[in-house]
Amino acid sequence: MTVGVVMLVHTALDRAEEVARHWTASGCPVVLHVDKNVSRKTYKNFVAACTDNPLILFSQRHRCEWGTWGIVAASQAASELMLSAFPDVRHVYLASGSCLPLRPVQELIDYLSARPRTDFIESATTADVPWTVGGLDHERFTLRFPFSWKKHRILFDRYVAIQRLLRFKRKVPSGLVPHMGSQWWCLTRQTLSAILEDPERDVYDRFFRRVWIPDESYYQTLSRLYSSNIESRSLTLSKFDFQGKPHIFYDDHLQLLRRSDCFVARKIWPRAERLYQAFLTDQAGAMKKTEPNPGKIDRIFAKAVERRTRGRDGLYMQSRFPRHGNENGLTSNPYSMFQGFTELFENFEPWLTKATGARVHGHLFGPERAEFAGGQSLINGALADNAVLRDYDPNRFLTSLIWNTRGERQCFQFGPGDNQKINWMVARDPNAQISVITGSWAVPLFKSNCNFADLRKEAALLQKVESDHLEILRSVWTKARVRIWSMAEFVEAPMEPIQTILDEIGPSNPRRLSEAPKMVDLTGFGQFLQNLKNQGMHPYLMGDFPVEQGPANMSKPNRKPYLVR
């Protein structure tokens with residue numbers, strides 16, 4: 001007994017010849033089908049190069065195009081020639097010109113000899129097939145497909161739509177239950193000859209001529225009529241990506257292919273010199289005798305598909321720019337946003353840096369510039385502090401900052417005077433830790449020495465902006481860790497919430513709060529709020545501050561008042 005190999009070739013004919021000679025060196029005859037799209041001159045030269053080998057034959061040529069009947073016709077013609085020219089063949093193995101034997105051919109011969117009546121062909125009903133990507137399942141059998149999906153896509157789609165509109169439905173030949181599977185099979189002589197010599201073959205061929213991608217259903221369906229023992233799997237390692245396109249194996253996949261324990265793999269890059277040399281010439285380094293198990297490398301392919309489709313958390317790039325809501329993580333690492341702390345505490349930023357070891361920025365989205373830590377004008381990833389560049393896309397500015405500084409905790413200040421376009425993104429981000437002291441924006445106004453009418457107008461506008469932001473933070477769509485205190489509530493007992501925030505940023509350190517941040521002098525702040533009320537403005541975000549006797553403190557400011565954007 002021996003194994004016959006039918007090879008469908010359309011490109012890289014030199015590699016096809018090399019592999020064909022490898023098969024015949026172990027006594028396996030090879031019938032080559034060369035796509036009719038290959039020029040006549042190239043075909044003649046290919047035939048002439050193989051004439052010295054009596055175990056290599058060429059079958060009648062057909063024009064093969066993906067998804068059409070030509071591929072089935074090619075395999076039929078080559079199989080008929082194989083069965084008639086080589087009566088000793090008991091199994092016929094269908095391969096392509098890009099297939100590469102991974103184990104010594106004799107091992108495949110011995111493996112099939114031990115299973116003389118077993119057909120290896122992936123064959124499952126349409127309801128059980130999970131691999132139809134962006135295509136049709138049962139409709140590929142009930143509709144007609146006279147147009148090429150690749151060359152005439154518009155005609156293909158419109159003809160399908162018309163048939164659906166008219167509720168057209170083809171009748172499946174009596175006795176057939178459509179099955180699907182990989183086109184790369186290995187059938188016994190008995191099963192294959194029964195398919196090719198069936199009295200109803202003309203009926204079946206007419207039906208499958210208008211089936212979409214018939215090479216994945218013709219033999220898979222008909223073998224169920226004649227085979228006495230089907231193992232629904234392919235002996236060829238063939239992996240597909242999430243778009244349904246075959247994975248191509250390169251030189252750096254050598255160890256991966258060896259781990260699969262499969263007999264044959266496709267699709268091999270024609271210039272993968274290392275692979276062809278290792279598997280066609282190095283018999284000593286061939287894989288051990290064992291049951292083929294492509295599942296051993298499925299985990300690696302699954303990770304590759306996930307990396308391609310989902311990418312890495314917080315990484316945005318041209319080839320995988322996500323739709324809104326479908327991001328694989330808005331940012332790559334945890335970070336903290338503080339609102340109202342620098343207004344309430346003196347030198348809060350250097351204190352927080354010392355207490356946590358994190359990189360603490362000022363107002364990254366302030367109106368004048370991005371206030372990077374240490375007063376830098378440029379930070380990792382060539383992010384500049386220029387407000388115009390930052391505000392072109394504030395969300396991407398923040399995600400880029402977090403990505404470029406991954407491994408280091410980032411903290412930044414925020415307030416109602418900053419660019420508010422990042423509010424929803426930060427609120428939806430599970431990596432964000434948001435701490436808000438509401439109404440603290442009034443402290444710089446209180447410390448300023450400006451016209452009170454202007455202060456009242458500014459306070460009303462800032463309060464409206466912060467109120468809108470708080471509404472976002474309290475939304476059901478918020479996934480960030482949010483803590484909100486009114487200013488009066490926070491001032492009453494500041495140490496407990498500060499310790500909680502620090503514990504979340506980094507590991508607990510009993511000495512962390514040995515030096516607490518110094519709070520600004522709020523003497524007269526209650527009277528300032530009462531003055532705002534007296535002028536017709538209702539400052540409600542600060543909480544209840546008692547009104548002290550005496551005039552409000554109107555000393556010079558510690559920082560510039562907010563300018564609302």
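Residues are numbered from 1 along each chain as its sequence is written, and side-chain values use heavy atoms, with hydrogens and water left out. Because the model is predicted, local features need pLDDT of at least 70 and side-chain atom pairs count only at pLDDT 80 or more, whereas totals for chains, interfaces and linings use all residues.

The secondary structure of the protein amounts to 22 helices and 21 strands; helices (H or I, at least four residues) and strands (E, at least two) are DSSP runs, numbered from the N terminus. Of the 565 residues in the protein, 51% are buried, where buried means under 20% relative accessible area, exposed over 50% and partly exposed in between (1.4 Å probe, protein chains only). Contact means heavy atoms within 4.5 Å. Among contacts between residues at least 6 apart in sequence, 76% join residues at least 24 apart.

A nonpolar core is taken as a set of buried Ala, Val, Leu, Ile, Met, Phe, Trp, Tyr and Cys residues joined through side-chain atoms within 4.5 Å. The largest such core has 66 residues, and those with the most contacts inside it are F341, F412, V426, W441, M487, F525 and F528. Helix α19 (residues 452-473) gives the most to this core, with seven residues. A second, separate core of 50 residues includes C50, L237, L256 and Y276.

Two of the residues with the most contacts in the largest core, F525 and F528, are also among the buried residues of helix α22. Seven of the 10 residues of α22 (residues 525-534) are buried, so this helix is largely enclosed by the rest of the structure. The buried set consists of F525, G526, Q527, F528, L529, N531 and L532, and these residues pack against α18 (442-447), α19 and α20 (487-492). Leaving aside residues up to four places away in sequence, F525 touches A442, V443, F446, M487, M542 and F545. Just after α22, G536 takes a positive phi of about 100°.

Helices α3 (residues 70-85) and α7 (residues 189-196) form a further packing pair. Their axes come within 11 Å and cross at roughly 125°; axes are lines fitted to C-alpha atoms, for helices over the stretch in contact, and angles run from 0 to 180 degrees between N-to-C directions. The two helices are therefore oblique to each other, given that angles under 35 degrees count as roughly parallel, over 145 as roughly antiparallel, 65 to 115 as roughly perpendicular and the rest as oblique. On the α3 side the contact is made by Q76, S79, E80 and L83, and on the α7 side by R189, L192, S193 and L196. By class, this contact has three nonpolar, three polar and two charged residues (Ala, Val, Leu, Ile, Met, Phe, Trp, Tyr, Cys and Pro count as nonpolar, Asp, Glu, Lys and Arg as charged, and the others, Gly among them, as polar).

Most residues other than glycine have a negative phi, and most peptide bonds are trans. I213, in the loop between α8 (201-209) and α9 (218-226), has a positive phi of about 55° and is buried, with a relative accessible area of 5%. N347 has a positive phi near 50° and lies in the loop between β14 (345-346) and α14 (348-356); N347 is exposed, with a relative accessible area of 60%. The peptide bond from R266 to K267 is cis, with omega near 15°, and K267 is placed in the loop between β12 (264-266) and α11 (273-281).
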